[in-house]
Amino acid sequence: PATTSAEASIGSAAPIYKPGAFICIALSYAVVTLAGLVVGALVGVSPLLMPAGYFITSVLAYSTPVAGHFPIINRWFRAHSIGHHVEAYPPSRFLADTYVKSFDSNGKFYIPSMLFPGLVAHLLGLSWTEAAVMMGTGLTVMIVADIVHYELHMRTSFLDRFALFRELRRLHVFHHKGNCKVNYSIYDFTFDIVFGTVRWE
């Protein structure tokens, strides 16, 4: 059978597009900065709230899968390391025609990443409106990450036409190989780079 573009992007001869990860980082911060300016003007809050919310959420979104690879919180470890990596998407079955869910849905473990920035902001004295903007940022970040992650594992994705997406898939393959303790991020590899957990090839 013919090799799909998804399969070609994860093989040993997959084209490497290293600038892709850095372009995604730049695009992420550019979009959230622009959104912060627009939302700030419309709602009457600081344009820095959305970038701040994005940054905090990104820290938590990186830390959550890291924790999922160590038996610190046993249920999360079993759901992520066993459920997602071993049972649903081992290296030999990285791609699927339909998304394979873990026996214990991973999504709920990311809820703190969405709520924490806004709640802490309110406790530090920001209004509920400002807190809501930060929580909305966190929610948007996690929804986008979830959609992209879903598509990374699809044998046929509407995003396959984009070189950036194919590079993200190539990088995510490394997260499902070996000890799975590299490339924790989905599209913004800032903290993988900062903490030395990025693997390029």
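**Exercise 1.** Find which helices each supply at least two residues of the lining of the second largest pocket.

*Solution.* Step 1: the helices are H2 (19-43), H3, H6 and H7. Helices here are DSSP runs (H or I, at least four residues), numbered from the N terminus. A pocket is an open set of points on a 1 Å grid over the protein atoms alone, where a 1.4 Å probe fits, with protein on both sides within 12 Å along at least five of seven lines; lining residues have an atom within 4 Å of a point.

Step 2: H2 gives the most to this lining, with 6 residues.

Step 3: the second largest pocket has a volume of about 490 Å³, a volume being the space filled by probe spheres set on the grid points, which are joined across faces, edges and corners. Of its 19 lining residues, Ser28, Val31, Val144, Val148 and Tyr187 are the closest to the centre.

Step 4: by class, the lining has 16 nonpolar, 3 polar and no charged residues. Ala, Val, Leu, Ile, Met, Phe, Trp, Tyr, Cys and Pro count as nonpolar, Asp, Glu, Lys and Arg as charged, and the others, Gly among them, as polar.

A word on the model: it is predicted, with local features needing pLDDT of at least 70 and side-chain atom pairs pLDDT 80 or more, while totals for chains, interfaces and linings use all residues. Residues are numbered from 1 along each chain as its sequence is written, and side-chain values use heavy atoms, leaving out hydrogens and water.

**Exercise 2.** Describe the largest pocket and find the helix that gives the most to its lining.

*Solution.* Step 1: about 750 Å³ of space lies in this pocket. Its lining has 33 residues, and the closest to the centre are Tyr110, Met142, Ala145, Asp146 and His149.

Step 2: H6 gives the most to the lining, with 7 residues.

Step 3: the lining divides into 17 nonpolar, 13 polar and 3 charged residues.

**Exercise 3.** Work out how H5 and H6 pack.

*Solution.* Step 1: H5 (residues 111-123) and H6 pack at about 165°, with axes 7 Å apart. Axes are lines fitted to C-alpha atoms, for helices over the stretch in contact, and angles run from 0 to 180 degrees between N-to-C directions.

Step 2: H5 is therefore roughly antiparallel to H6 (angles over 145 degrees).

Step 3: contact (heavy atoms within 4.5 Å) involves residues including Leu115 and Leu119 of H5 and Met135 and Met142 of H6.

Technical notes
Parallel < 35°, antiparallel > 145°, perpendicular 65-115°, else oblique.
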